[in-house]
Amino acid sequence: MWCEKPLALTCAGVDEVEKAWRGSGRQLTLGFNRRWAPAVLAAQRVLADVQAPKLVVYRIAAGRVPDGHWYADRRQGGRALGEVCHFVDTAQALVGANIEDAVAVMGGDTSQGSDDMVVALRFADGSVASIAYGSSPPVSGKERIEVLAGPHQVIIDDFRSVHVDGRALWKGRQDKGHRVHAAAFRQAVQGGTSMPTEAMLGSMRATIQAADRARAS
């Protein structure tokens with residue numbers, strides 16, 4: 001089963017999907033392709049050897065969407081549940097630990113179409129992440145990720161390059177992992193390595209929790 005994001009609009013909805021998945025004996029993946037991006041996979045190889053907690057700073061210049069775009073439809077969860085979930089899951093993939101807590105604050109002028117928000121995540125291993133999501137145009141790249149982990153500084157620049165401690169580790173055409181994700185799912189369905197479903201469900205729950213708290217504040 002391949003479910004696009006947002007998987008659900010409430011944590012109870014995620015629970016229902018998880019129950020159905022566990023009872024089905026089948027593979028389940030969510031549309032969180034960035035965890036399969038070459039840049040993320042390269043960074044993971046470096047970060048895997050670091051035992052210390054990590055600090056992740058993730059900046060997104062998402063731009064505004066036109067009137068009528070599905071991101072603007074609150075029945076679809078809006079941009080918080082429909083897009084920010086991508087970045088929560090990418091942070092989880094880089095840290096490699098379960099998300100224990102998630103909060104968010106909203107900013108900008110919502111009457112002018114702003115969707116600015118900052119999400120803070122705490123992980124089970126003591127790592128933390130901040131996701132700064134803005135509706136400014138991506139004039140110098142949409143996404144930039146910096147990870148401070150032990151002695152290392154890892155920078156992913158718009159999924160085109162990875163630098164570790166100031167040296168290039170990987171460079172290539174922008175690739176957000178769509179093809180590798182699809183290939184991994186196909187292999188899992190055919191009996192290969194299972195999908196990281198529990199981690200992705202955790203990312204979706206954390207996004208919903210953060211958005212709920214932001215609306216309540």
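Me: Where is Asp158 found?
Reply: This is a predicted model, to begin with. In it, Asp158 sits in the loop between β8 (152–157) and β9 (161–164).

Me: Buried or exposed, that Asp158?
Reply: Asp158 is buried, because its relative accessible area is 6%.

Me: What is phi of Asp158 near?
Reply: Phi of Asp158 is near 55 degrees, which is a positive value in a residue other than glycine. Phe159 also has a positive phi, of about 60 degrees, although Phe159 is not a glycine. Phe159 lies in the loop between β8 and β9, and with a relative accessible area of 0% it is buried.

Me: Switching to helices. At roughly what angle do the axes of α3 and α5 cross?
Reply: Roughly 125 degrees. The axes of helix α3 (residues 78–95) and helix α5 (residues 197–216) come within 8 Å. α3 is therefore oblique to α5, since angles over 145 degrees would count as roughly antiparallel and 65 to 115 as roughly perpendicular. The crossing is right-handed.

Me: Which residues in α3 and α5 meet?
Reply: From α3, Ala80, Leu81, Val84, Cys85, Val88, Asp89 and Gln92. From α5, they meet Ala199, Met200, Ser203, Met204, Ala206, Thr207, Ile208 and Ala211. Sorted by class, this contact of α3 with α5 has 11 nonpolar, three polar and one charged residues.

Me: And α1 with α5, how do they lie to each other?
Reply: The axes of helix α1 (residues 11–24) and α5 cross at roughly 165 degrees and come within 9 Å. α1 and α5 are therefore roughly antiparallel to each other. The crossing of α1 and α5 is right-handed.

Me: What meets what there, in α1 and α5?
Reply: Cys11, Val14, Asp15, Glu18, Trp21 and Arg22 are the residues in α1. In α5 they meet Thr197, Glu198, Leu201, Met204, Arg205 and Ile208. The contact of α1 with α5 divides into six nonpolar, one polar and five charged residues.

Me: You mentioned Lys5. Which peptide bond there is cis?
Reply: The one from Lys5 to Pro6, with omega near -5 degrees. Pro6 is placed in the loop between β1 and α1.

Me: How many aromatic pairs does the structure hold?
Reply: Three. Trp2 and Phe185 form an edge-to-face pair, 5.4 Å centre to centre with 85 degrees between the planes. Trp2 lies in strand β1 (residues 2–3) and Phe185 in helix α4 (residues 178–189), so this pair ties together parts that are 183 residues apart in sequence.

Me: Which residues do ring pairs link into a cluster?
Reply: Tyr58, Phe87 and Tyr133.

Me: New topic, Val56. Where is it found, and what does it touch?
Reply: Val56 is found in strand β3 (residues 54–61). Leaving out residues up to four places away in sequence, Val56 touches Ala91, Val95, Val128, Ala129, Ser130, Ile145, Glu146 and Val147. Val56 is buried, with a relative accessible area of 0%.

Me: What separates Val56 and Ala12?
Reply: Their C-alpha atoms are separated by 28 Å, and the two residues are 44 apart along the chain.

Me: Last one. How many residues apart in sequence are Pro38 and Asp175?
Reply: 137 residues, while C-alpha to C-alpha they are 6.8 Å apart in space. Pro38 is in contact with Trp170 and Asp175, leaving aside its neighbours within four places in sequence. Pro38 is found in helix α2 (residues 38–47), and at 21% relative accessibility it counts as partly exposed.

Conventions. Residues are numbered from 1 along each chain as its sequence is written. This is a predicted model: local features need pLDDT of at least 70, side-chain atom pairs count only at pLDDT 80 or more; totals for chains, interfaces and linings use all residues. Side-chain values use heavy atoms; hydrogens and water are left out. Axes are lines fitted to C-alpha atoms, for helices over the stretch in contact, and angles run from 0 to 180 degrees between N-to-C directions. Helices (H or I, at least four residues) and strands (E, at least two) are DSSP runs, numbered from the N terminus. Angles under 35 degrees count as roughly parallel, over 145 as roughly antiparallel, 65 to 115 as roughly perpendicular and the rest as oblique. A crossing is left-handed if the near helix is turned anticlockwise from the far one by less than a right angle, and right-handed if clockwise. Contact means heavy atoms within 4.5 Å. Ala, Val, Leu, Ile, Met, Phe, Trp, Tyr, Cys and Pro count as nonpolar, Asp, Glu, Lys and Arg as charged, and the others, Gly among them, as polar. Rings of Phe, Tyr and Trp (its six-membered ring) pair if their centres lie within 6.5 Å; planes under 30 degrees apart count as stacked, over 60 as edge-to-face and the rest as tilted. Buried means under 20% relative accessible area, exposed over 50%, partly exposed in between (1.4 Å probe, protein chains only).
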